[in-house]
Amino acid sequence: MEVGQGKVRVDAYAKVCGEAKYTADLEPKNILHGKVLHSEIANGLVKSMDISEAEKVPGVVKVLTCFDVPDCQFPTAGHPWSVEEKHQDICDRRLLNRRVRFYGDDIACVIAEDEVAAQQALRKIKVEYEEYPAIPTVEQAMAEGATPLHPDLRKDNVIVHSHMTMGKADFSFEKALEEAKKEYGEEELVYVEEELDTPRISHCHIELPVSWAYVDNNGKVTVTCSTQIPAIVKLYTAMALGIPTGKVRIIKPYIGGGFGNKQDVLYEPLNAFMSMQVGGRPVRLEISREETIISTRTRHKITGYVRGLAKRDGTILARSLDAYANNGAYASHGHAICANCCTVFKDLYRDRMGTEADGWTVYTSSPTAGAMRAYGIPQSIWFTECLVDDLAKKLGMDPYELRMKNCMEEGFRDPGNGITFRSYGLKQCMEKGAELFHWTEKREKYGHESGMKRRGVGMAIFCYKTGVHPISLETASARMVLNQDGSAQLIMGATEIGQGADTVFTQMAADTSGLRFDEIYIVSTQDTDVTPFDTGAYASRQTYVSGMACKKVAEEFRSRILDYAAYMLNNSVEDISKTIYAKEVSRAEEKLRSQLSLSPKEKILPEMLEIVDSRVVLKEGGEALFPLSILADTAFYSLDRAVHITAEVSNQCKDNTFSSGVCFAEVEVDLPLGLVKILDLVELHDSGIIINRKTAEGQVHGGIAQSIGYALSEDLLVDEKTGRVLNDNLLDFKIPTAMDVPDMRIDFVELEDPTGPYGNKSLGEPPTIAAAPAIRNAVLQATGIGMKVAPMTSQRLIEAFQEGGLL
Amino acid sequence: MFDIAGFYEARSVDDAVRALSEDENAELINGGTDVLIRVRAGKDAGRALVSVKNIPEIKGVKLLPDESIWIGAGTSFTHITNDPLIMEHLPMLGEAVDMVGGPQIRNMGTMGGNICNGATSADSAASAVSLNTELLLTGPEGERRISIHDFYTGPGRTVRRREEVCTGFLIRKEDYEGWTGKYIKYGKRRAMEIATLGCAVRVKLNGDRSRIEEARLAYGVAAPTPIRCRKAEEKLKNRSLSDPGLLSDFSETALTEVNPRSSWRASREFRMQLISELAKRALSEAVKLSGGEIHA
Amino acid sequence: MLKIIHVTVNGREREIAVDERESLLDTLRNRLDLSSVKKGCEVGECGACTVLVDGEAIDSCIYLAMWADGKSVMTVEGLKSREGDLSPIQKAFIEEAAVQCGFCTPGIIMSAVEIVGTGKRYTREELRKLISGHLCRCTGYEKILDAVARSVEEHLRGAAD
């Protein structure tokens, strides 16, 4: 069994040697340098541009403006395309935009012999604008008379408003409240209503979204880029340029993190256009850190108005959420993220009367929000788990008990999309985690803190689906190709983005094919000219969806090898006798026939054989027959029957399942300085069978660190008057350093999921969800103050402590 | 690649002064951790750089014949922190510069650059102010000495002329001997951080460590420039460590001397809270380092 | 205009023509093809471009190439033995699963070389501070710390033997 082993990453060696090649490492010499000019207003129209001075800068090859680009609008979301019009993503962007919709919009670009010339030219482009009021907030954008940012697509700035319920289709929280008062009496009820807020976040992958493009021998515009979704980049680049898809080739080498930002088509189409405008010469487009923060994508700032109603005994009756997602200037993933936020809010608890959720996704003149790890769920769980702890406080109940009593149960099925909890480990995670953390003891110990340093514990739970079926298409493909020595290449359409996909696919292929782990060479690079199709890395889908393709291709590959093995054994005296392997094969035949008591006339069937450890063995008893190297050499070069053994599988997945888990946090709050120190953190994941313990742990650690940043320090600020981003660098946008995260204690509850290829289900994104509300709830126990806004910066904490009379 | 008009590596301080004097467009570069960032941001793009990075005469820490401590302006933060003289006599300064950025920045950045930038948030500044540090500047007319109290003229502005090279810092014996001090940097992260507030307190206790003879209090980011709070210092003069009003008198008086601003980084009110709290904590720590204990 | 500098790079003396506007990062990547030196922010905040200059870790993105004249520069490419064996620190990073996307890895390994080279033992908190000049968004630093701690211990044990 290779699955379940803590195998060393297949790319670790190359990475510690600095030999793993990322996009910028593959650039040819003498490449041209591209730079983008961004708007310096948040809302308006480019009336004219004077590029004459810019063109005079020595070394400048070409200046292109928003007046020069094709008249094509295209979408950017890393969703599978849809052949159903209403499921298609919104086409609201051009390569360069005349209509400026946020401070930092792309309005022109320069191609030069060196980067300094490009920079100098950028500074010399004169832009004349017609300016409209900046509307960077949801309130501003939804206000009466606000300028619609995309009047061709929407009459106002609301991209979509959706309404969903749990319980009756026409469930209303208002009505439920009235009914509950009648039925139980007001004194029997506990009600919480609050406004909660979440921050806009920058992904902060350390590799910037760089790319370089040229036109290849086939006349294809070829973009090497740091993306999670090469196949989607190919399609949308073609759309943006108005050329056939076959004319675009995308190459994705190793990438330095993505976290969802690179699940969007970013500057690849513009880069392709730039190369095409200079006769197909290679052009690199380096997007700086500042540009990445302002002009690529962010996590949505979602504001949630929540209500919760429970009986005094701790039975939750009803909840509601009104979620307003600030989507920024372009639709990107559109309403999918806010809708996901609403869905999980209603799924996580069993409200006995019902649940109501309304989501608004709103265009604003601010940086575009798109996908980010866990896709709307950190916001959703912030709303859900703040509300539940505030209910627990009002009920005077242990938050653990309240969750146990009300959380989603085994067999849960979302009536809206049919997604079902196929292997249920939520409560087991809570039990195991509480024990590991010593929840009960700590909760009691910290009940009555006083003084200027106070301690407390808190928790949060979550659920998360696996992939996007049935909301969207789920498909993946994989190929295996035999080498002369019996080893093989594994070629996946699915992408390695740092999460360890290449390693777990290799484990899966080894497990199923019988080839040794270290004799399967995964091709890490995706090249859309040669790689089989897969939509890419997102939605924690790859081990589940692409993993199924991997399993199927390994089965197919194995069966083709065994067919050939049977042929060899059946013909060991005739065809094979002429080969250098005659002795070994006929010995193997003899061995097999005697073991199975098969007469020389009876045919040896592939079903009698198996591959173990890269050897053909007898299925019964496992006796070794011959190594795959003999088989491969024969298959390649036999004059009687030469076959190149390969297999390719495309697999559509029509399944889904929930993962879940819990985070427990213990904090010490320094009241006068507003500092939260995390003393202990325990997180348990119910992600089915863990394919690779070491890489899984690494993912959980990294996700928790992101959630700690979400809780305490990360907040991308946009000036409400100008729409300008205030903290567009890694000094001012504060992701945790090694000094800001504690040691983390993590574990898994491994229940085999019947739908996962190896009993596995989603893990990539879930670790980013629960630590933030767990920390918030720990601060609540420590201080009695329930923070409403993430991140809980020192300033916000001090203001809350002052308001609460603690300071 | 940086958009600079030229680069000159000076061989000596005089050579640097000459180069700066000859080219009006030239500016001085020391560790580079601030200047190059300004160049990249376009603020100083197109300027020529005169580097003093490799001039041995402005590196190191020395005990002068009058027992003043000289710190070369080109000494990296790491070297200041690890210098035996600093560890013995000025551990507070060594600790303060050990809070700048991260380890790589501390291997590159220098105290000369940190102070001459004029930033109120500079981690060495509050300590330097509390130590009555003197700066040595060499210009076309020769060397001049200036007290750090007269050095800053506004945010990012100092009395240093463009063609002057800061060569070093002097801290007199009377300003370090018998004193202990504590610098607290308050940032939103624990590393790679610009101070939201920096607070340096130094104390000198009497023989039986029951009272404060003298104290000094200096802040970064509490005003447009690093400042010293002399009224708060006065309040501690000859004050008993068991005086109940000690800490609150100190911190409340400090609040009357500061003038922090509100920005998106932090509100004035939040900074006022930090100013008050850090004064108390730094004082308590400084006293502890002298072997005393505040019983207030 | 190009200027000639003399730098010992990974133990080999080199004479290199550089543009005086170049950062050391530019020179190492573009002129010497040492692509382990990564660009992540260009302002000394992320640490991905960390190399050792005369044994001290610096951010090569804000270090002018001209400054390296006469100095010794080391990158991850210089860590393997002549026979191609990995250094103990590289092995520790592999075995402790400290690598994910790998983009911050070469820089952190260079800081680890400096840390291990001091010959001192550090607490985990001290190690956190010593690697705090590197931002990593994948790992939460947990396994990186494990790898650095292990490297330090192995080195001390090796020195004691």
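Modeller: I shall begin with chain C, which is divided into domain 1 (2-78) and domain 2 (88-160); please bear in mind throughout that this is a predicted model. The C-alpha centres of domain 1 of chain C and domain 2 of chain C are 22 Å apart. Their contact draws on 16 residues of domain 1 of chain C and 13 residues of domain 2 of chain C. On the side of domain 1 of chain C that touches domain 2 of chain C, the elements giving two or more residues are strand 3 (50-53) and strand 4 (56-59) of chain C. Strand 3 of chain C provides the largest share of that side, three residues. By class, the side of domain 1 of chain C that touches domain 2 of chain C comprises eight nonpolar, six polar and two charged residues.

In chain C, five strands form an open sheet in the order 2-1-5-3-4, with mixed pairing. Its edge strands are strand 2 (12-19) and strand 4 of chain C, each of which pairs on one side only. On average, neighbouring strands of this sheet are turned by 45 degrees against each other, direction ignored. Within the sheet, strand 1 (residues 2-9) and strand 5 (residues 72-74) of chain C run parallel and are joined by two bridges. In strand 5 of chain C, C:Ser72 is the residue that stands opposite C:Thr8. Helix 3 (residues 105-117) of chain C packs on the sheet and touches strand 3 and strand 4 of chain C. The direction of helix 3 of chain C makes about 35 degrees with that of strand 3 of chain C.

Chain C also meets chain A. That contact takes 42 residues from chain C and 47 residues from chain A. On the side of chain A that touches chain C, helix 1 (12-16) and helix 18 (693-712) of chain A each supply at least two residues. Helix 18 of chain A gives the most to that side, with seven residues. The classes on the side of chain A that touches chain C are 25 nonpolar, 14 polar and eight charged residues.

From here we may follow chain A to its helix 20. In helix 20 (residues 794-803) of chain A, the residues A:Ser794, A:Leu797, A:Ile798 and A:Ala800 are buried. These residues lie on the same side of helix 20 of chain A because they cover an arc of only 165 degrees around the axis. Strand 26 (675-686) of chain A and helix 12 (268-289) of chain B are included in what covers them. The chain on either side of this helix has features of its own. In the loop between helix 19 (771-783) and helix 20 of chain A is A:Pro791, and the peptide bond that joins A:Ala790 and A:Pro791 is cis, with omega about -5 degrees. Just after helix 20 of chain A, A:Gly805 has a positive phi of about 75 degrees.

A:Ser597, although not a glycine, has a positive phi of about 50 degrees, and it is in the loop between helix 16 (582-596) and strand 21 (609-612) of chain A. A:Ser597 counts as exposed because it has 7 C-beta neighbours inside 10 Å. A:Asp613, also a residue other than glycine, has a positive phi near 55 degrees. With 15 C-beta neighbours inside 10 Å, A:Asp613 counts as partly exposed.

Terms used: Residues numbered from 1 in each chain as written. Chains lettered and ligands numbered in written order. Predicted model: local features only at pLDDT ≥ 70, side-chain atom pairs only at ≥ 80, totals over all residues. Buried ≥ 20, exposed ≤ 12 C-beta atoms within 10 Å, placed from the backbone. Helix = DSSP H or I, 4+ residues; strand = E, 2+ residues; numbered from the N terminus. Arc of directions from axis to C-beta. Contact = placed C-beta atoms within 7 Å. Domains from an automatic or database assignment. Nonpolar A, V, L, I, M, F, W, Y, C, P; charged D, E, K, R; others polar. Pairing = 2+ DSSP bridges. Axes fitted to C-alpha atoms, helices over the stretch in contact; angles between N-to-C directions.
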